[in-house]
Amino acid sequence: MDHQQSLSELRAQVDDINMQILELLSQRARIVSEIGKIHTAMGNAHYDPAREAEMLTRLQQANKGPFSNQTIQALFREIFRASLEMEEQQARAKIKVQRKSADERTIIQLPNGAVIGDGGFQLVAGPCAVESDEQMEEAAAALAARGVKIIRGMAFKPRTSPYEFQGMGETGLQIARRVADKYNMAITSEIMDASQIPMMMDYVDIFWVGARNMQNSFLLKALGKIDRPVILKRGLAATLEEFLYSAEYIVASGNPNVILIERGIRTFEKWTRNTLDIGGVAVLKLESHLPIIVDISHSAGRRDIAKPLARVAKASGADGLMVEVHPNPPVAMSDAKQQLSIPEFNALMDELVELA
Ligand code: PEP
Ligand code: MN
């Protein structure tokens, strides 16, 4: 037998073994997928490091070469990783906020006729916090003049320090409601605790869950039991998967009207307050049918890049943007550095009109 002939014969054997390995891998994947379903049903984590270590030890004990134990470990680790990824993907595919088809979308209708998620680009704007009648009146008049339909009416402020302005409370909601009604605007306002729901129902059109409360599952479940839309902000250091699971809490509890907001995440960067994850916005549009809005204020922490961020938000396929606007930003009681003045807001609107 010449070399050429034995080479082809050996290669044929390798091809055959490849097919057997493929068949075994697929068989293994099907079984792992069954295990994954049981884990999901039991509410267990898919990754079990103890089980993985046990399998690797057994493989090493059985290994007679020629591959080193290290190589066998690396090869099987790869198989374990692929299986875990598959299990997690299957679990995600089942959740309610996951997109099931390319044209699936959640459209939020507000009592004043404003719509979010219909393919248009909706604006949510207003001061960081309600500070006075005059401040809200001035802001609302300017916003209404440019067609803004959803105003921030923040009365409870989750500040870093307990010694900073904490918001006006219910009085602030009363001011916001009066002003919003005057200009036919919907109000969104941040809720801190489920106990505030009954009181806030009298004032707000969209409940707002801030970044610090994204994983307050009790609050999320409570908001799932009411029939009013909820804006959910991404946590300060939340992954996209964690973000979607938080939205899932609300939807799974019975309220399908959830709007996501990307507000920047914590990174090492200091020249912006947070790092706007615009790639994350594009991924969320692919993964979920929920509308997503880009917060160009808290992600930046500065007002001088509002225009480019708004352009980027629009180009990302987001359903709208959120921007803080104050009649006199330097004296604002919170987030003074990032709120736009009314002329700056008008310039931003000019920019958006040009884009459209
Ligand atoms: C806000 O938008 O009012 C706010 C407090 O932002 P975040 O929760 O994203 O910090
Ligand atoms: Mn703010």
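Modeller: Domain bounds here come from an automatic or database domain assignment. Keep in mind, too, that this is a predicted model.

Colleague: Good to know! Into which domains is the protein chain divided?

Modeller: The assignment gives two stretches of the protein chain. They are domain 1 (3-93) and domain 2 (108-355).

Colleague: And how many Å apart do the C-alpha centres of domain 1 and domain 2 lie?

Modeller: Domain 1 covers 3-93 and domain 2 covers 108-355. Taking the C-alpha centres of domain 1 and domain 2, the separation is 46 Å.

Colleague: Let's turn to the helices. Are α2 and α3 oblique or roughly parallel to each other?

Modeller: Helix α2 spans residues 49-62 and helix α3 spans residues 69-93; their axes come within 10 Å and cross at roughly 140°. Angles under 35 degrees count as roughly parallel, and over 145 as roughly antiparallel. The α2 and α3 pair is therefore oblique.

Colleague: Which residues in α3 do Glu52, Leu56, Leu59 and Gln60 in α2 meet?

Modeller: The crossing of α2 and α3 is right-handed. By class, the residues of this contact of α2 with α3 divide into 5 nonpolar, 3 polar and 1 charged. On the α3 side, the partners are Asn69, Ile72, Gln73, Phe76 and Phe80.

Colleague: What is the peptide bond from Gly65 to Pro66, cis or trans?

Modeller: Pro66 sits in the loop between α2 and α3. For the bond from Gly65 to Pro66, omega is near 10°, and the peptide bond is cis.

Colleague: How are α4 and α5 oriented, oblique or roughly parallel to each other?

Modeller: Helix α4 (residues 133-145) and helix α5 (residues 170-182) have axes that come within 10 Å and cross at roughly 30°. The cut-off for roughly parallel is an angle under 35 degrees. So α4 and α5 are roughly parallel.

Colleague: How many nonpolar residues has the contact of α4 with α5?

Modeller: The crossing of α4 and α5 is right-handed. Asp133, Met136, Glu137 and Ala140 of α4 make the contact with Ile175, Ala176, Val179 and Ala180 of α5. The class count for α4 with α5 is no polar, 2 charged and 6 nonpolar.

Colleague: Where is Asn184, which has a positive phi although it is not a glycine?

Modeller: The phi of Asn184 is about 50°. As for its place, Asn184 is in the loop between α5 and β5 (186-190).

Colleague: At what angle do helix α10 and helix α11 pack?

Modeller: Helix α10 covers residues 306-315 and helix α11 covers residues 342-355, with axes 10 Å apart. The crossing of α10 and α11 is right-handed. The packing angle of α10 and α11 is about 35°.

Colleague: How many charged residues does the contact of α10 with α11 have?

Modeller: In α10, Ala306, Lys307, Ala310, Arg311 and Lys314 meet Glu344, Leu348, Glu351, Leu352 and Leu355 in α11. By class, the contact of α10 with α11 has 5 nonpolar, no polar and, for the charged residues, 5.

Colleague: Last one: how many residues of the shell around ligand 1 are charged?

Modeller: Ligand 1 is surrounded by Cys128, Met154, Pro158, Glu190, Gly210, Ala211, Arg212, Lys233, Arg263 and His298. Glu, Lys and Arg count as charged. The shell around ligand 1 divides into 4 nonpolar, 2 polar and, as charged residues, 4.

Definitions and conventions. Residues numbered from 1 in each chain as written. Chains lettered and ligands numbered in written order. Predicted model: local features only at pLDDT ≥ 70, side-chain atom pairs only at ≥ 80, totals over all residues. Near = placed C-beta within 6 Å. Axes fitted to C-alpha atoms, helices over the stretch in contact; angles between N-to-C directions. Helix = DSSP H or I, 4+ residues; strand = E, 2+ residues; numbered from the N terminus. Parallel < 35°, antiparallel > 145°, perpendicular 65-115°, else oblique. Left-handed = near helix turned anticlockwise from the far one by under 90°. Contact = placed C-beta atoms within 7 Å.
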